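Here is a briefing on the model below. Please look through the chains before reading on.

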Amino acid sequence: MNATTTTTTTATTASTREHAVTTAVPARPAVRPGAASPAALVALEVRKSLSTRSGKALAGVSVLLAPAAGVIASAASEEPLGSVTGPIGTMAMLTALVLMSLGVLSTAGEWTHRTVQTTFLLSPRRGRVLAAKAVAVALLGAAFAALSTALTAGVIALMEDGVSWDGAGRAVATAIASGAAFAVTGAGVGAALTNTPAALTGLYLVILGVLPVVRTFKPEVGSRLDPAEAVLALAQGDAIGRSVLILAGWTVVALVAGAVVTRRRAVA
Amino acid sequence: MITVSGLTKQYGDRTVVDDVSFTLEPGTVTGFLGPNGAGKSTTMRMMTGLVPATSGTALVDGRPYAELPNPGAVVGTLLDASAVHPGRTGRAHLRLMAAAAGVPASRADEVLALVGLADAARRRIGGYSLGMRQRLGIAGALLTDPPVLVFDEPANGLDPEGIRWMRDLLRGHAARGGTVLLSSHLLGEVEHTVDRLLVIGQGRIVADGSVASLLGAEGTTVRAAEPAALAAALQAAGFTVQRGDDGALVVPGADPAAVGAVAAAGGHALVDLRPVSRDLEDLFFSLTA
């Protein structure tokens, strides 16, 4: 396979032949002998998520939607705000719902565009790929949620007087953690359904449609399942244990379902 | 080396690949030939771990594809040229692949130039023609310059010039000691590219051999005003003569000029003299009918 080992009978033709061959066929590139490291796989998944227009758009929206909504709400409202934890929690929920799509695209998007073929050809250990995707969208989700929350806090600081910043640290931590949790949940559900429209419609229908309806009939059931409500509660320091459990439950169940399907599904 | 043994895929009651076995040797181009739906793609997907096999094994250098430390360094695969994100540029697509396969990002530009897509590198793949996507897929398979190439219908969408280019590429790869498996449902596409043919029909290998052995030796068909006299003269000159349809004589392994010389020497009047080669198409239908 080495292009430069061509043997010829005379020295003069050898040099011309070698030159011709190496021009036409470059020497073999340096190839990593083993599998990609976990860090390299995570970095690759981060790049993939941000290399498409939809990924870039979602990243932008996730960062800017909450502060933009904050500006509008603040300008429209005459009421004094009281505590920042409520608004930061609401904006964290909004941002997390956007970041869920980023997670869905990282897994289901690969099946929908069939790029999963290339991904698994180059990294056949599918469990490692899904783990890398989960870590990648968790990092992206946390980072974008942190940026978004910082901007939202800035908006509140600039536009509102006399608000209480008590508990703001916990609210910010909730925003960052829920950004990561929702993104990973999206990745897990996307991997389980292997279809972008199905995963997006299913998730938003359940979280924004089914659970609010359930809550009107059976509030105690709704509040034990609803991840959006858990974000609001956690940001304000209510029902901390239960809220953490709800968010962790969604994340783990989605990831396990995604892992089961990812491991078995044929790439046809 | 690739060793496939007893590879079988069943979907419910339907057997799409049935006990397929073959070995691919370095330095050869093997044509994997069969009609659409014969099981070519499924076999290739089982070989590369994308589709789990119902039974049987496919080993690359002695291990299943998925257990190779870095499979992209060993096997360059082109299965479905449309399996790309249309929103990425050709260059972005290959740079991501380069990172996954563990080659420098600069390889992306090298292979783009190699397949003639340097000018389209910064355009979104969504705007590529089918032939350009096929070239992009080939570029991806060549990123690591792997010893083994597995191409499923690579000629799809390529123009005649592109098919010739691909033929030279694959022949050159085999000449450097590489192993190539190339599938096609069109016989003409592979006939001049491959050393060996694996013919698959309804999931089973129906023929496996060199192109020459499967197509039979070439020869000459000749018609004379007096066939019996010419046949005797040819046999006297040491040729084997077979009676063909309606009085034609078939002389396997003979050059038309040699047959013509015998006829001229004996003063035989000829009606028709031409080379015969058993058509790949005929072979195919006789095997898969």
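Is Val98(A) buried or exposed? Val98(A) is buried, because 25 other C-beta atoms lie within 10 Å. The cut-offs are 20 or more other C-beta atoms within 10 Å of a residue's own for buried, 12 or fewer for exposed, and partly exposed in between, with C-beta atoms placed from the backbone.

This is a predicted model, in which local features need pLDDT of at least 70, side-chain atom pairs count only at pLDDT 80 or more, and totals for chains, interfaces and linings use all residues. Residues are numbered from 1 along each chain as its sequence is written, while chains are lettered from A and ligands numbered from 1 in the order in which they are written.

**Confidence**

- The model scores ipTM 0.86 and pTM 0.85.
- Chain B has a mean pLDDT of 91, pLDDT being the predictor's confidence in each residue, from 0 to 100.
- In chain B, 95% of the residues reach 70 or more.
- Where pLDDT is low, the predicted coordinates should not be read in detail.

**Chain A**

- Chain A has eleven helices and zero strands. Helices (H or I, at least four residues) and strands (E, at least two) are DSSP runs, numbered from the N terminus.
- Of the 268 residues in chain A, 44% are buried.
- Among contacts in chain A with a separation of 6 or more, 81% link residues 24 or more positions apart. Two residues are in contact if their C-beta atoms, placed from the backbone, lie within 7 Å.
- Val98(A) belongs to helix α4 (residues 85–112) of chain A.
- Val231(A) lies 133 residues from Val98(A) along the chain, and 14 Å separate their C-alpha atoms.

**Interface of chains A and B**

- Contacts link 32 residues of chain A with 40 residues of chain B.
- On the chain A side, the elements giving two or more residues are α2 (38–49) and α5 (116–122) of chain A.
- α5(A) gives the most to that side, with five residues.
- The chain A side divides into 18 nonpolar, eight polar and six charged residues. Here Ala, Val, Leu, Ile, Met, Phe, Trp, Tyr, Cys and Pro count as nonpolar, Asp, Glu, Lys and Arg as charged, and the others, Gly among them, as polar.

**Helix α4 of chain B**

- Helix α4 (residues 130–142) of chain B has 13 residues.
- From first C-alpha to last, α4(B) reaches 18 Å, close to the 18 Å expected at 1.5 Å a residue. The expected span is 1.5 Å times one less than the number of residues.
- α4(B) is mostly covered, with eleven of its 13 residues buried. Among them are Met132(B), Arg133(B), Arg135(B) and Leu142(B).
- The cover over the buried residues of α4(B) includes α5 of chain A. It also includes β6 (75–78), α2 (90–101), α3 (106–114) and β7 (148–152) of chain B.

**Strand β3 of chain B**

- Strand β3 (residues 29–33) of chain B is mostly covered, with five of its five residues buried.
- Val29(B), Gly31(B) and Leu33(B) are buried on one side of β3(B), and Thr30(B) and Phe32(B) on the other.
- In a regular strand the side chains alternate between the two faces of the sheet.
- β3(B) runs parallel to strand β8 (residues 179–184) of chain B, joined by five bridges. Two strands pair if DSSP finds at least two bridges between them.
- Phe32(B) stands opposite Ser183(B) in β8(B).
- Four bridges pair β3(B) with strand β9 (residues 196–201) of chain B, also in the parallel sense.
- Thr30(B) has Arg196(B) in β9(B) as its bridge partner.

**Open sheets and domains of chain B**

- One open sheet has four strands in the order β2-β1-β4-β5 (chain B), with antiparallel pairing. Its edge strands are β2 (14–24) and β5 (63–64) of chain B.
- Two bridges join β4 (residues 55–60) of chain B to β5(B), where Leu59(B) stands opposite Pro64(B).
- Another open sheet of four strands has the order β12-β13-β11-β14 (chain B), with antiparallel pairing. Its edge strands are β12 (242–243) and β14 (270–276) of chain B.
- Six bridges pair β11 (residues 219–224) of chain B with β14(B), where Gly219(B) stands opposite Val276(B).
- The domain assignment of chain B gives domain 1 (2–214) and domain 2 (217–278), with bounds from an automatic or database domain assignment.
- The centres of domain 1 and domain 2 of chain B, taken over C-alpha atoms, are 43 Å apart.
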